[in-house]
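Welcome, and take a moment to look around. We will begin with some ring-shaped side chains and then widen the view step by step.

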Amino acid sequence: MNEEQKKRYEQLKKNNQSVVEKREWKSNILLQEALASLGTKKEILETRDQKELLAEFNRKVKILFEKEDLERRNISSVEEFSSGLDECNVYIIWDEANLPVVKTKLINIKKNLDDIVAVSFDTWIVTETFDRFIEFNHNGKITEILTDAVLKD
């Protein structure tokens, strides 16, 4: 196989992966309900952007879990999460790698929380600036992590 054929083959693999991924998304009823509940007030990240964001997210989460003195607080509802940030852009990140990353406003998540957290066992809501994280874990625990200067590069 020459270089041109290899490039074409790789492009076809990527395209096929994207088609399979979108087919899986369409067959995931809980995901479809969550996306429908957000209506047009969402953006599903492109695969390349999603991979970059997840790499950064994973890097920062690793740092967060290594910090003992980090400000964490358990909250009982999303209403307590970062009051005053309703119009802030946030990302929805589910713990399953094959699910999309969705960008929306925090207010949209508050209005549709049950549909969003039902998609996967663990759900993360992360501000666009990565300065606040909220985790909805499979035990029903909701934790907000304020990072402020901890994650500054």
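The structure holds 4 aromatic pairs, where rings of Phe, Tyr and Trp (its six-membered ring) pair if their centres lie within 6.5 Å, and planes under 30 degrees apart count as stacked, over 60 as edge-to-face and the rest as tilted. In one of them, W124 and F133 have ring centres 6.2 Å apart and planes at 90°, so this pair is edge-to-face. F130 and F133 make another pair, with centres 6.1 Å apart and planes at 50°, so that one is tilted. Together, F57, W124, F130 and F133 form one aromatic cluster.

Before going on, a word about the model: it is predicted, with local features needing pLDDT of at least 70 and side-chain atom pairs counting only at pLDDT 80 or more, while totals for chains, interfaces and linings use all residues. Residues are numbered from 1 along each chain as its sequence is written, and side-chain values use heavy atoms, leaving out hydrogens and water.

How covered are these rings? W124 and F133 are both buried (under 20% relative accessible area; exposed is over 50% and partly exposed in between, with a 1.4 Å probe and protein chains only). F133 has a relative accessible area of 0%, and F130 counts as buried because its relative accessibility is 9%.

F57 leads us to helix α3, where Q50, L53, F57, K60, V61 and L64 are buried. Helices (H or I, at least four residues) and strands (E, at least two) are DSSP runs, numbered from the N terminus. Seen down the axis of α3, the buried residues fall within an arc of 105°, taken from the directions from the helix axis to the C-beta atoms, so they line one face of the helix. The face turned away from that buried side carries the exposed residues R48, K51, E52, K62 and E66.

Now look for the largest nonpolar core, which has 20 residues. Such a core is a set of buried Ala, Val, Leu, Ile, Met, Phe, Trp, Tyr and Cys residues joined through side-chain atoms within 4.5 Å. L31, I92, W94, I109, I116 and I125 touch the most other members. Helix α2 gives the most to this core, with 4 residues. Apart from it lies another core, of 13 residues, including L53, V61, L64 and I145.

Stepping back, the protein has 5 helices and 7 strands, in the order α-α-β-α-β-β-β-α-α-β-β-β along the sequence. Of its 153 residues, 37% count as buried.
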